[in-house]
Amino acid sequence: MADIFISYWEGEGGIATALRYFVSQAIPSASIFKADARSIRSGDSWLDIIRRELKESHVVLAILSEESIKRPWINFEAGAAWIDKLLIPLCYGTLEKGRMPAPYNQLQALQLRDERDDHRLIIDLHHHLRIATPPPELAYIPLQVVMNKESTYRKRLRMFNSQIREFESADRQDA
């Protein structure tokens, strides 16, 4: 069971992956759950797994953007966390922490594109998870760098997959 549950909209999966990497490198002792093909396998009851991980986690990191806050699952997971978990809203894209809709605006939020908030997230996670002294700010790669690398990786993967489809199509035409 995970210490930290990352709640995100699938359209921002790359940001969630970058966040998981960022937190895991800064807090290697913390276990992190992000619903994806690594954590939910074919044939698994995905809703049961999400319910279990939400129940067992201590902190829920909700990636919130103008788009994601319109998605029912983000609000479902955040609502479940609100009952008895620590919910940390992480604003992304054009959503500013001072412009979050209710009830998110009742919580202290962090801005994902602000390096000071990146470090504050690590400090606060150490505090909330009762983990030893947090590392100094320069001890880990900034989240923005990780997000840029993840974005580049996804673009290259899409290009590669597109080229494979082109090769397969040409191969079928030759046959």
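Author: In this predicted model, α3 gives the most to the lining of the largest pocket, with four residues. At least two residues of that lining come from each of β1 (4–7), α2 and α3 (72–84).

Reader: How large is the largest pocket, and which residues are the closest to its centre?

Author: Its volume is about 260 Å³. The lining has 14 residues, of which Tyr-8, Trp-9, Glu-10, Trp-73 and Glu-77 are the closest to the centre. By class, ten residues of the lining are nonpolar, one is polar and three are charged.

Reader: What makes a space a cavity rather than a pocket?

Author: A cavity is a set of points where a 1.4 Å probe fits but cannot get out, whereas a pocket is an open set. One cavity of 30 Å³ or more is found in the whole structure, and the largest cavity holds about 30 Å³ of space.

Reader: Which elements give two or more residues to the lining of the largest cavity?

Author: They are β5 (110–111) and α4 (115–128). The most comes from α4, with three residues. The lining includes Phe-22, Leu-90 and Leu-143, and by class it has six nonpolar, one polar and two charged residues.

Reader: Why is Ser-57 called buried?

Author: Its relative accessible area is 1%, and buried means under 20%; Ser-57 is therefore buried. Ser-57 lies in the loop between α2 (46–56) and β3 (59–64).

Reader: Which residues does Ser-57 touch, not counting those up to four places away in sequence?

Author: Ser-57 touches Ala-2, Asp-3, Ile-4, Phe-5 and Lys-85.

Note on methods
Residues numbered from 1 in each chain as written. Predicted model: local features only at pLDDT ≥ 70, side-chain atom pairs only at ≥ 80, totals over all residues. Heavy atoms only, no water. Buried < 20%, exposed > 50% of the residue type's maximum accessible area, 1.4 Å probe, protein only. Contact = heavy atoms within 4.5 Å. 1 Å grid on protein atoms, 1.4 Å probe; cavity = no way out; pocket = protein on both sides within 12 Å on 5 of 7 lines; lining within 4 Å. Points joined across faces, edges and corners; volume = space filled by probe spheres on them. Nonpolar A, V, L, I, M, F, W, Y, C, P; charged D, E, K, R; others polar.
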